[in-house]
Amino acid sequence: MGRDSRGGYRDYDERDGPDRTPPRGTRSGSGSGSGPSRGGPPRGGQTPPSRPGPSSRFGQANGNGRGTPASDPRGNGRAGSGPRSARAEAARRRPPQRDESAAYEAPPPRTGRSRRSVSLMARDLSRAMSRQLGAMVRGTERAVRRSAGPRRADRAAFAGSFPAGELPTELTPQPYRRSRIRMRARKWRMRRVPPNPIKYFIMLGAVAMLVVTLLGASGAGTIYAISYYNQRVPQIQALAANLQGGQSSVIYDRNGKILYTVKDGNSSFNYYVPLSQVSTKLRNATIDTEDHSFYSSANIGIDFQSLLRAGLRDASDGGAQQGGSTITQQLVKNLVLENRSKVIARKLNEAILAVGVTLNYNKDQILEMYLNSIDYGDQNQGIEAAARNFFGLTAKTLPDGTYLTANQQLDWAQAAILSGLPNAPTYYLPRQYSCATTCPDTKWANPCVGDPRNANCMPSDNYDNGTDGHEWLVWRRARLVLDNLLKYNDINQADHDKAVQEVHDILQQHKVLRWAGLRNGNVVDTTKNAPHFVDYLLGSVLPKEFGIDPSALPRAGLKIYTTLDLDLDTYAQQRLKYYIQGDANGYFTNSWYCGSPIPPINGCPNAALGNAWNVHNGAFTAIDPNTGDILAMVGSVDYGSKDPQVQGYNNIATALRSMGSSTKALVYATAFQMGWNPSIMLQDKTICFPNPAVDPSTNKPIVTNDFAPACKGWYSPTNYTQQSFSGVAPIRPLLANSLNIPATEAMSFVGSTAVTASAFLAMTRRLGITTLSAERMGPSTALGSQEIPLLQLTGAYATFAASGVRHPYRSILRIEDHLGNVLYQAPPAPAGQQVMSPQTTYELTSILTDNQARLPDFGYYNPLYFDYKTVGVPDHPGFQIAAKTGTSEGVGGPNDIVTMGYSPYLAVGVWFGNTDGKDPLKPGIIGIAGAGYVFHDVMDWAITRYRWPEGSKFPIPAGMARGQFNCATGLAPYKSAKPENCPFKPQFPKVPATNIYQGFNDYGDKAYAPNIDWYIQGQAPLQS
């Protein structure tokens, strides 16, 4: 069937009876050359094959790369040899069966190969046109002989949609109908339309001139055609590669979920799929509606019957109404010709290039390019983008391993709607509704004068296509598609009727969407999935590590598979929002620090941190310590927020922020590497450092510690509670409770000045931290005075999790080009570098996993512990997770609260605060009572999601031993000395102080504990 006018049900003259259909031929004839035939796709409901390999794109036409016209399907090899038998007619209409599972092969390059001679091209063209024109003459003769024959009644198409006895007019038997030309002439005679025979015959003559020009094989017409064709040969031969390479680049997560489709603001969404991954329903619907003789050997890219009919129709209607273009001509018009106006010169050039495309590609290749390039409206280029965005379908892999594209999941109704779109994508746009919400068809905007369900639709002057609903237009168009499918035996009556009804229901219930990928991850416009991670890739990783210009991605057709786990990233962002914004009532449930008695813990409502503590933003990072893969990156709680406290587009995960006391792990790790062990005794007492503390407003020395008046003008650190001092104690409880004064002493040991800091800076660089500078070194570096990006610190903690082996964090797993060729493949098990000894790392990990040691300041039931079962808190007995909190001090309150930690399988960093550094949090909030909640929830989710073995513990390296150490020095006790318990001796007995030994080991709340801990054999002296 030729391309119809808008909304109409025009077709060929049906007075021919059984032979009224123009010669359609087979959709792939038997080959007549040395190569395989141009086989058509299997028809009917054959299941599409599974996903082909990367090189499966195009089949090859024949030995020289060109298609070979099939032999005449009627059995005698020439046209016009007599009427067909019933069997021959059935064979003619039967589509050939083709093994679609066979891999396609790209056509070989044509450089250096000779093309067919001009005489052969002219001969084939002349023969094909002769067959078509002969068929037209014979069809006219049959029409004259059978003009008195009855017309077949149409079959019911919309059963169940209307009351009994009220079927639409076009669904009931119709009397004999004159041809359009005779009807037009009759209207002229009856003066119903103004006669315009001059225009009619001018157009008729123009069409005749076009035919004569093309038939002039030995004249000037052929010279022009060959010359014009030769000019466009490179463009035609590059058509397939340009089309596949011009699609949008897509960024995926590690599980194949789409994070972002990279496109220009005004470009179209485009996903190229091979023909083997295009629904047979969609293929049949497109061919039957747009170019039913597409697979006929007589169809050489142009259909003279349709062309002549369109010209006559345009003349009779007084303007360009009907295209008459084949699928090949539409492909040429869309991708090769720049001029799309309906003028004779352009149509001539289009016909020439259509023949040229047919000579260079077989029919499967042409159909594949057409379905991937045609405009389906609403910025959807190609059928896959239309299926995803209009119906929210996603590509998926079935349990048996079969890969299904989105378009392969279309049902008949959806396929009919989409197949009708290319005729006029704006006119038939299916998501333009008459009502804001669902409404019955009685409220649909009527584009017709009279009942829009009737075949003859006279345009209504009251209908505005730009603003009114399109439901009736789309229904009429989809019904035409389904009628064509029924006509050519590609759908049975029951499925036809069901699909027509379903089209009605889809439009009534507003099931056609706009860019459905915004909700299911297929397509992303201004909103991205994991947006900060995508920005990180586009702005840093791709250009710097791979040399890929982000501005080229919209047309590069790359498939970029990343390390990110979108499910983990999404869950982390949800938990950030939950604790910052609360539930619908502005509250969250606290399972750790409220409720009585203990145990069990009963959750109680707490005001959201945003209201209670002025915390409005959060960030999260997660890294696989065994590969360095970035599994999650949440840069803010709301990517689109313009609130100064949030500034959502800023990526806090990669920004410079103070990590507070979580920096202490770097200091102690360096100290252990330099020879310390967890039993070394440090002083939690007032101390002065020779670093001047000057008030910038007065330039005079200031007192930094009210309990150390002798330190006036010098730096004197304090703990979180300034009057709290615990005396002399081992590193284990001092680090576990995050005491500041001992950490500054450790900082002095590893190097707190520009001159002495080389060992510490070398260690941090080996751990992947690049932002610390020697010029800013001081005792307070251990407390977070130098900023570190959350991502870098998470990478350092991932090294601790991997027993001192650092895997530089990575974000890309694989990059493929538009043909599926792998441009980059990350190693599945990347080699790491041992930057710390396993023994040193275990000494640190043993402290950060010791919940008993942190009990004095954090309590036994806290968010950093997982080895218990209480109300509302999951039970993971024996599962070791290391953690360290941090709080940075600002003017008037903290600026940042942080929780860092790791399991043997995952390293996590959580930050809370405000993007505006001049807007501090309310005093009193600390890292564990905020960021610690998200840390616990995500780790608990990950244990279940990733099915980590319950009871997982960090491996104890070889060479480790446990022993008792001296309470004064932290060294091995004197020879023959009796074991002793270390007493709790705060500096100021009358001032409340933390009992650092409270609940330590098996000593309950006593004021002493033995100094027993890990050491590396051969490192600690056997005796003092």
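Please keep in mind that the model is predicted.

Let me begin with the interior. In soluble globular proteins, nonpolar side chains tend to be buried together. Here, the largest nonpolar core contains 93 residues. Those with the most contacts inside it are Ile251, Phe533, Leu666, Ile731, Phe760, Phe800 and Tyr902. Helix H24, residues 790–801, supplies the largest share of this core, namely eight residues. Another core, of 69 residues, lies apart from it; Val332, Tyr433, Tyr463 and Val512 are among its members.

Let us look at one residue of the largest core, Ile731. Neighbours within four places in sequence aside, Ile731 is in contact with several residues, including Tyr668, Phe672, Trp676, Pro678 and Ile847.

I turn now to two helices. How do H20 and H25 lie relative to each other? The axes of H20, residues 664–673, and H25, residues 838–848, come within 9 Å and cross at roughly 140°. The two helices are therefore oblique to each other, and their crossing is right-handed. On the H20 side, Ala665, Ala669, Phe672 and Gln673 take part; they meet Thr840, Glu843, Leu844 and Ile847 of H25. Of the residues in this contact, five are nonpolar, two are polar and one is charged.

Finally, consider Ser279, in the loop between strand S3 and helix H7. Is Ser279 buried or exposed? Its relative accessibility is 2%, and buried means under 20%, so Ser279 counts as buried. Not counting residues up to four places away in sequence, Ser279 touches Asn407 and Gln408.

Conventions
Residues numbered from 1 in each chain as written. Predicted model: local features only at pLDDT ≥ 70, side-chain atom pairs only at ≥ 80, totals over all residues. Heavy atoms only, no water. Core = buried A, V, L, I, M, F, W, Y, C linked by side-chain atoms within 4.5 Å. Buried < 20%, exposed > 50% of the residue type's maximum accessible area, 1.4 Å probe, protein only. Helix = DSSP H or I, 4+ residues; strand = E, 2+ residues; numbered from the N terminus. Contact = heavy atoms within 4.5 Å. Axes fitted to C-alpha atoms, helices over the stretch in contact; angles between N-to-C directions. Parallel < 35°, antiparallel > 145°, perpendicular 65-115°, else oblique. Left-handed = near helix turned anticlockwise from the far one by under 90°. Nonpolar A, V, L, I, M, F, W, Y, C, P; charged D, E, K, R; others polar.
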